[in-house]
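Thank you all for coming.

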Amino acid sequence: MTNSSDFPPFLASDHLSRRTHDILKERLEEDSSGTPRTLSSTAFSVLDRIVTVLLPQEEILGQQTLNLALRVDRALSGPRDGWRFAELPSDSQAWEQALLTLNDLSTSQFERPFSLLEDSAVAAFLDAMGEGKVGLDTPNRLNPSQMQKWALDLRADVIECFLADPRVQDRLGMSANLNGGDERFQGFETVQANERKDFEPATKISSAA
Amino acid sequence: MKTYAETDTLDVIIVGSGAGGAPLAARLAQAGKSVLVLEAGPKFTPAQYTSDEIEAREIYWLNERLSGGRNPQPFGGNNSGTGVGGSMLHYGAFLPRPDARDFQLHTETGRSVDWPFRYEELLPYIEEVESFIGVSGPAQYPWDPSRQYAYSPPPANPAALKMRDACDALGLRHADGPTALITRPFNQPYFGERQGCVSCGACHQGCRNGAKSGTDNTWLPLAVTYGAEIRPGCFVHTIETDQAGRVTGVVYKQNGQDIRQRCEKLVLSAGAVETARLLLHNGLANSSGQVGENYMTHISTQIWGEIDQEVRPNRGYPSLTITEDMMRPKDADFAGGYLIQSLGMMPITWASNIARGSTRRGADLVRTLAGYNRSIGMGIHGDCMPSPENRVVLSDEKDHFGIPKPLITHSYGPNELAMHAHASRLLTRMWDAIGAKDLRILDRAAHMMGTARMGKDSGSAVVTPYGQSFDIDNLWISDHSTFPSATAANPALTIMALALRTADAMLTH
Ligand SMILES: Cc1cc2nc3c(=O)[nH]c(=O)nc-3n(C[C@H](O)[C@H](O)[C@H](O)COP(=O)(O)OP(=O)(O)OC[C@H]3O[C@@H](n4cnc5c(N)ncnc54)[C@H](O)[C@@H]3O)c2cc1C
Ligand code: SF4
């Protein structure tokens, strides 16, 4: 659900093309309460837990965080980006198997599902995955080397889904989409440092200022 | 546009409308040949390109590729495009000339291979390409004072300015790089009005005002004016031959239908992965065993850092400053060399490089993303040698056309690793020199070359030095798959020049 308070003002700018405006607006209005389309509920619960530790959104979005896991799930059943690691099965399978691998490991090591792990344990899994130390050599699960590759896809997809949201762009003061309207394709008249034009959003969070 | 009937036999069919296919189509059409370009991708409307990096994927080649080896290369946005205009719809328009020494690297160092002709032979074609498509550059190019560019450079963004400072600090020469864009309006013959660059920064998402010099606003309109037909949405999967083994035509899929079109000559310009895939799938032109072999990239190490200024790296032409001083560094422990260019970048592309190139998470990752507006980068393009380790083969998995997906194996050898290490040290010193903070080196490769190399010997090359198949005399290749070695320069200019040279050879054969 969106209300006018989280409608980034830059969406009304004439420096934004109509098509880009419509794309961003649709994304803004994406349902954040639906059910996953691609992943099983167990796999989804693991993803939901991981994203909160990989990319805590509060500093940027306050309490109005995105349902990032759901966005990633939706993206997985949409058009993909044209390649995958040869070591991994198809994207949707790889994600399902990777997430279930984590859940299995959590159950065997901590005797509880991944979704109930503490932040520190999730973080430790993320780091160990990056080092190629997490995985299972059993059918329908990913081995450590596969998990290491998948961890890169995980990171990239989560971050892409996050930055694609116009609220995030607004909070971070990003003007990339304001590169020209339809009436007049303005581009950027100034490209100098420290010269923000009025139509460009200012950065709204302290660590970005 | 003139159109041909399915029953027509064309003088020439060209598969692919990018850097390799389009100039050749224009040249042959101008010479009176009947030419049909079959392009798998759609015809886009430039005004409708979007800066939204997710939707802008429509101009990528999205037919899945499997990427393996020790340095698996990301494809998609990183490496190839589709549509009437090929990868040049979303290329970065950085257009340096190849270095003459890179064509003779084996003679110079005993390593890599020589090209089967010298740079000087390609130079007239390079000049012809530059003057026809429109290239901007400095009044004085430090590494080649004889050169002239028709357009003045676009404005320098902060990354470009900071790279100048860093070069000054280390005693390196620098200049505004040659860029394939125009900086004042121009009425392009056979196309129409092109606007000057407005520094929108979204070259990789498609240029909306025609400022970027692609094939869609230069060679293809020329080809069409002289009677060529460009047929979009046509994926070629079968190459048909007669009993003597000569090509008789192709079969392509359009809107789910298989359509046969006959031709006297066939030119493959589908790019290093797809040209190899087509030949391997059809079992053709491979008596040398070299089809798909020697897949190469450019070593494209990047550095990113933050400065205490709001630079907004999405603004301005992204990669203006160049130095060619590392083409043969004195302290090199590798053969060949590399170019350095400054980098601005659109946010999602920038962030996914960080995602894949670092292990940051949590608050650290959030802080890094929040630093976008203060970020400046530089990147290299380094020569890469042919290696028997690196190749394109058919995988066991089929795509939605029922054709095996390509499996690409890519691993750096000792020379590439040494060059990456050298560049990492130098880039770090440069960004240190200007006080950039939180430096991050990204280990990455870009572009694709090789897989159907040209050479003088039919035992070790797929095509002749002019691009003609050794095995099938009416089959030609005009794209980056014919490169014997990568050379350091970004490839589009070399590909276009080679395309004109191949066209001339086809006309005299
Ligand atoms: C993001 C990006 C940035 C780049 N930046 C630069 C740069 O700054 N400077 C530079 O010099 N180079 C750059 N390049 C590289 C340059 O664009 C390519 O090297 C060049 O376009 C390759 O030319 P080509 O003719 O070999 O292939 P392409 O231009 O890729 O054209 C191949 C065409 O063939 C079509 N095709 C493929 N298979 C089939 C089939 N079976 N049937 C029908 N059609 C088919 C494809 O759809 C495509 O349109 C960049 C590339 C990318 C992707
Ligand atoms: S920066 Fe210039 S050349 Fe690049 S897309 Fe924008 S207007 Fe076109």
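Predicted model: local features only at pLDDT ≥ 70, side-chain atom pairs only at ≥ 80, totals over all residues.

Which polar backbone atom lies 2.8 Å from a nitrogen atom of ligand 1? It belongs to Gly92(B), and I count this as a polar contact, meaning a pair of N or O atoms within 3.5 Å. Residues are numbered from 1 along each chain as its sequence is written, chains are lettered from A and ligands numbered from 1 in the order in which they are written, and side-chain values use heavy atoms, with hydrogens and water left out.

Staying with ligand 1, a nitrogen atom of the ligand also lies 2.8 Å from a backbone N or O atom of Phe94(B), and one of its oxygen atoms is 3.5 Å from a polar backbone atom of Gly83(B). Taken alone, ligand 1 exposes 1,000 Å², of which the protein buries 97%; these accessible areas come from the Shrake-Rupley method with a 1.4 Å probe.

The shell around ligand 1, by which I mean residues with a heavy atom within 4 Å of it, holds 39 residues, and Gly20(B), Glu39(B), Thr82(B), Ser87(B) and Phe94(B) are the closest. By class, 16 are nonpolar, 20 polar and three charged, with Gly counted as polar and Cys as nonpolar. Strand S8 (235–241) and helix H10 (492–508) of chain B each supply at least two residues of that shell, where helices (H or I, at least four residues) and strands (E, at least two) are DSSP runs.

Helix H10(B) also packs against H1(B), residues 21–30: their axes, lines fitted to C-alpha atoms over the stretch in contact, with angles running from 0 to 180 degrees between N-to-C directions, come within 8 Å and cross at roughly 35°. Pro23(B), Leu24(B), Arg27(B) and Leu28(B) make the contact from H1(B), and the residues on H10(B) include Met496(B), Ala499(B) and Asp504(B), contact meaning heavy atoms within 4.5 Å.

In chain A, H6 (residues 119–130) and H7 (residues 144–163) have axes that come within 8 Å and cross at roughly 115°. Here Leu126(A), Met129(A) and Gly130(A) of H6(A) meet residues of H7(A), among them Trp150(A) and Leu154(A), and the contact has six nonpolar, two polar and no charged residues.

Definitions and conventions
Polar contact = N/O pair within 3.5 Å; in protein donor to acceptor, adjacent residues only side chain to side chain.
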